[in-house]
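Student: I have a model open and a few things to ask. Can we go through it together?
Tutor: Go ahead.
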Amino acid sequence: MLNIARLNSAPEIFYSLQGEGSRCGTPAVFLRLAGCNLACKWCDTKHSWGNGLLCAEQDVAAHILEYNCASLVITGGEPLIQQGPLENLLSLLPECLHVEVETNGTLLPSPALAQRVNQWNVSPKLQHAGNPREKALVPEALAFFATLPRAWFKFVVQSEADWSLIAGLELPQERIILMPCATNRASLESARPAVVEMCLRHGVRLGDRLHLTLWDDKKGI
Ligand code: SF4
């Protein structure tokens, strides 16, 4: 059974545009799993932390396929705390479905998941998220993701001071994306200029959070 985040009493599965990362703007079905092993101060999906709704993998697969969409984004919470049910789900979906997983990069994926998932959007959390460093930055897991050519690394940044920590992680520079720390349209607009400057200074991509620009802080879209 998959533990799926609950939004308005229903499992959080919806059709939208990927709002972040290298596939930003791509139409996709989103599946938000419940539970997280971190507790970031500025988390914009705190509703996913608690108990969600237990759903059979067959029902979730059928729901996803109803959208007739070529892309699936599995997010959370932290999806990798439910690896067994995730493997079951993916075995029920066609191979041609492009699967992205959003993860905080603290847990190693199983070999089956590492092979099936088309893209890993790894978002390690820096000091300002408020987690103990040893919980948020797990060198073994990050080193594994760095070996996967299909892994991208998205960092929420607040100031130039964040860069020295990011640089010290020794991740592939061409797959690093910096994102403003924002939970709504207004905070995105005020945080963006400093992050643009950081991207230009360090030669990395800007990740401009499209869903906030389009839909502000509305959930389930
Ligand atoms: S890792 Fe993601 S889902 Fe978990 S608390 Fe942090 S921002 Fe929220």
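Student: Is cysteine 199 buried or exposed?
Tutor: Cysteine 199 counts as buried, because its relative accessibility is 7%. Buried means under 20% relative accessible area, exposed over 50%, and partly exposed in between, with a 1.4 Å probe and protein chains only. This is a predicted model, where local features need pLDDT of at least 70, side-chain atom pairs count only at pLDDT 80 or more, and totals for chains, interfaces and linings use all residues. Residues are numbered from 1 along each chain as its sequence is written, and side-chain values use heavy atoms, with hydrogens and water left out.
Student: How many disulfides are there?
Tutor: The count is zero, taking a disulfide as a pair of cysteine sulfur atoms within 2.5 Å. For cysteine 199, the nearest cysteine sulfur is that of cysteine 24, 13 Å away.
Student: New topic. Which residues surround the ligand?
Tutor: Cys36, Leu38, Ala39, Cys40, Cys43, Thr45, Trp49, Gly77, Asn104 and Lys125, where near means a heavy atom within 4 Å.
Student: How does that shell divide into nonpolar, polar and charged?
Tutor: Six are nonpolar, three polar and one charged. Ala, Val, Leu, Ile, Met, Phe, Trp, Tyr, Cys and Pro count as nonpolar, Asp, Glu, Lys and Arg as charged, and the others, Gly among them, as polar.
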